[in-house]
Amino acid sequence: MDKETDILEKKFGKVQPFKVPDGYFDGFVKDLMDKLPEDEARIIEMRPNRWHVYRPFAIAAASVCVAIFSIGMYLHSSESADNQQFTEAQNTSSYSAIDEAADYTMMDNLDMYAYVSEY
């Protein structure tokens, strides 16, 4: 036994104030079954599965969606490659006078933000 159980037994003793009447569980199952209502079985009608009728249409629709998505991704990737080449050409020559002035004055982004926010 653990420590808490020993403390409780010393304080209150081992007296059990509640008792089960004699023979209570002898006829318990029979009494319980007699109290339950007797329901008749219900008949549930099942309708046939019609998925086999719609399956070809679902497969065709899914195929069309995949084809449209694939074509869209292909077109987007080719446009994106063209835009990337154009952007790289701009970035190579984008060192402007503002960048040169910032380098000359040794200003970083925080200094520029503080200068702009004063007005």
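This is a predicted model: local features need pLDDT of at least 70, side-chain atom pairs count only at pLDDT 80 or more; totals for chains, interfaces and linings use all residues.
Me: How many aromatic pairs does the structure hold?

Reply: Rings of Phe, Tyr and Trp pair if their centres lie within 6.5 Å. Here, the structure holds three such pairs. Take Tyr24 and Phe28: their ring centres sit 5.9 Å apart with the planes at 40 degrees, so that pair is tilted.

Me: And what sort of pair do Phe25 and Phe28 make?

Reply: The angle between planes decides: over 60 degrees counts as edge-to-face. For Phe25 and Phe28 the planes are at 65 degrees, with centres 5.9 Å apart, so call this pair edge-to-face. Put together, Tyr24, Phe25 and Phe28 form one aromatic cluster.

Me: Is Phe25 buried or exposed?

Reply: Go by relative accessible area, where exposed means over 50%. Phe25 comes out at 57%, so it's exposed.

Me: Which residues make the nonpolar surface patch?

Reply: A patch takes residues with over 30% relative accessible area, and nonpolar side chains are joined within 5 Å. In this model, Val20, Tyr24, Phe25, Phe28, Val29, Leu32, Met33 and Leu36 make a nonpolar patch of about 830 Å².

Me: Where does Met33 lie?

Reply: Look at helix H2, residues 28-35: Met33 lies in that helix. With a relative accessible area of 54%, Met33 is exposed.

Methods: Residues are numbered from 1 along each chain as its sequence is written. Side-chain values use heavy atoms; hydrogens and water are left out. Rings of Phe, Tyr and Trp (its six-membered ring) pair if their centres lie within 6.5 Å; planes under 30 degrees apart count as stacked, over 60 as edge-to-face and the rest as tilted. Buried means under 20% relative accessible area, exposed over 50%, partly exposed in between (1.4 Å probe, protein chains only). Patches are made of residues with over 30% relative accessible area and no salt bridge: like charges are joined within 9 Å, nonpolar side chains (Val, Leu, Ile, Met, Phe, Trp, Tyr) within 5 Å. Accessible areas come from the Shrake-Rupley method with a 1.4 Å probe; for residues, only the protein chains shown count as cover. A salt bridge is a side-chain nitrogen of Lys or Arg within 4 Å of a carboxyl oxygen of Asp or Glu. Helices (H or I, at least four residues) and strands (E, at least two) are DSSP runs, numbered from the N terminus.
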